[in-house]
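Please look through the sequence and the model shown here before reading on. The report after them begins with the strands and then turns to other parts of the protein.

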Amino acid sequence: MSERSERTSEHGSPAHSAGEGGPVSLLTIDDLVVEHRSPGRPAVRAVAGASLQVAPGEVVGLVGESGCGKSTLARAVCGLNPITEGSILFDGQPVTPLGLRRRKLTGIQMVFQDPYTSLNPRRRVGDQIADGLRTARDTVTTPADLLERVGLPRDFAERHPHEFSGGQRQRVAIARALAARPRLLIGDEPISALDASAQSQVATLMRDLAVRSGAGLLFISHDLSVVRVIADRIAVMYLGKIVEVGRTEEVWAEPRHPYTQALLKAIPRPDGMGVLPAELPGDVPDPANPPEGCRFHPRCPFVMDVCRVKEPGFGPVACWLHEPK
Ligand code: SF4
């Protein structure tokens with residue numbers, strides 16, 4: 001058994017069983033399927049059987065091209081998208097759309113992509129942060145305390161959202177999320193609308209605040225270079241499936257799935273992750289009509305006959321080149 005496989009479970013995560021003395025998984029996503037349905041059209045499997053775990057105090061980066069299902073998965077974890085098949089357990093309890101009230105009380109908070117629409121423009125930011133403190137029944141912490149924690153002046157509590165830059169608004173959104181004392185923080189592309197200088201600051205801030213409070217952080221981004229800096233583990237998603245999971249430094253040093261290899265090659269490009277290397281042909285296929293076999297096979301430089309007819313298993317790389325013998 002390799003050193004890597006000794007240290008990681010089937011999903012590339014640390015041993016999370018309480019019986020092994022390790023941390024119990026905070027979030028367990030198991031074979032999750034989420035379909036989008038619209039009248040007169042075939043159902044689209046935006047998430048097509050994804051499994052992932054997040055432990056307390058752990059930062060997991062979820063990466064992939066736009067449209068691969070990352071945000072749908074995040075919304076399902078928050079109870080904002082109904083689950084078609086599979087399960088999501090938060091702290092051992094199933095997450096369902098009916099569980100929204102419980103989510104508020106038990107602590108999953110999400111920071112969204114667009115800091116310009118995620119805050120109420122008519123209310124002072126201090127009042128919006130105070131909503132979260134009430135949810136957590138926290139009578140000690142003040143909105144000014146939280147603004148200070150995210151690197152903003154205390155008197156900004158009196159201001160309205162239009163008085164802030166994009167990076168400052170995202171800090172306010174993080175302060176509001178922290179007010180509810182989340183045990184799991186989800187960032188859904190939280191830095192993609194920010195300018196370059198604010199991106200790494202906000203990403204590092206989310207990591208530091210989550211780790212310091214012992215919360216798990218699921219950080220979704222198309223920017224692998226930022227995820228590399230803040231994540232303990234990386235999960236790579238392609239067309240609704242997670243195709244590789246592993247410790248960040250291991251995935252970086254030795255990416256095994258051909259799609260992960262292509263993503264890493266794309267990083268130095270000034271136009272970012274949206275453009276993959278030239279040797280990777282074509283666009284992401286239509287999720288309503290995914291390819292047979294391995295979903296990546298029409299674009300894969302290593303495609304074999306088996307790839308066109310049979311889907312590879314997952315463990316922790318979904319690729320016939322890495323199937324256990
Ligand atoms: Fe490529 Fe085949 Fe692996 Fe899919 S299973 S990534 S087509 S080698």
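## Strands, helices and ligand

Strands β6 and β7 run parallel and are joined by four bridges, where strands (E, at least two residues) and helices (H or I, at least four residues) are DSSP runs numbered from the N terminus, and two strands pair if DSSP finds at least two bridges between them. This is a predicted model, in which local features need pLDDT of at least 70 and side-chain atom pairs count only at pLDDT 80 or more, while totals for chains, interfaces and linings use all residues. Residues are numbered from 1 along each chain as its sequence is written, and side-chain values use heavy atoms, with hydrogens and water left out.

The open sheet has six strands in the order β6-β7-β8-β3-β9-β10, with mixed pairing. Its edge strands, each pairing on one side only, are β6 and β10, and the twist averages 20° from one strand to the next. Strands β9 and β10 pair in the antiparallel sense over six bridges, and Ala235 stands opposite Val245 in β10.

| β6 | 108-111 |
| β7 | 184-188 |
| β10 | 241-247 |

Helix α6, residues 166-179, lies across β6 and β7 and runs at about 175° to β6, an angle taken between N-to-C directions on a scale from 0 to 180 degrees, with axes fitted to C-alpha atoms, for helices over the stretch in contact (heavy atoms within 4.5 Å). Helix α2, residues 70-77, is mostly covered, since six of its eight residues are buried, among them Leu73 and Val77. After α2 comes Gly79, whose phi is positive, near 80°.

Which residues surround the ligand? They are His257, Pro258, Cys294, Phe296, His297, Cys300, Phe302, Cys307, Cys319, Trp320 and Leu321, where a residue counts as near if one of its heavy atoms lies within 4 Å. This shell divides into nine nonpolar, two polar and no charged residues, with Ala, Val, Leu, Ile, Met, Phe, Trp, Tyr, Cys and Pro counted as nonpolar, Asp, Glu, Lys and Arg as charged, and the others, Gly among them, as polar.

Definitions and conventions. Buried means under 20% relative accessible area, exposed over 50%, partly exposed in between (1.4 Å probe, protein chains only).
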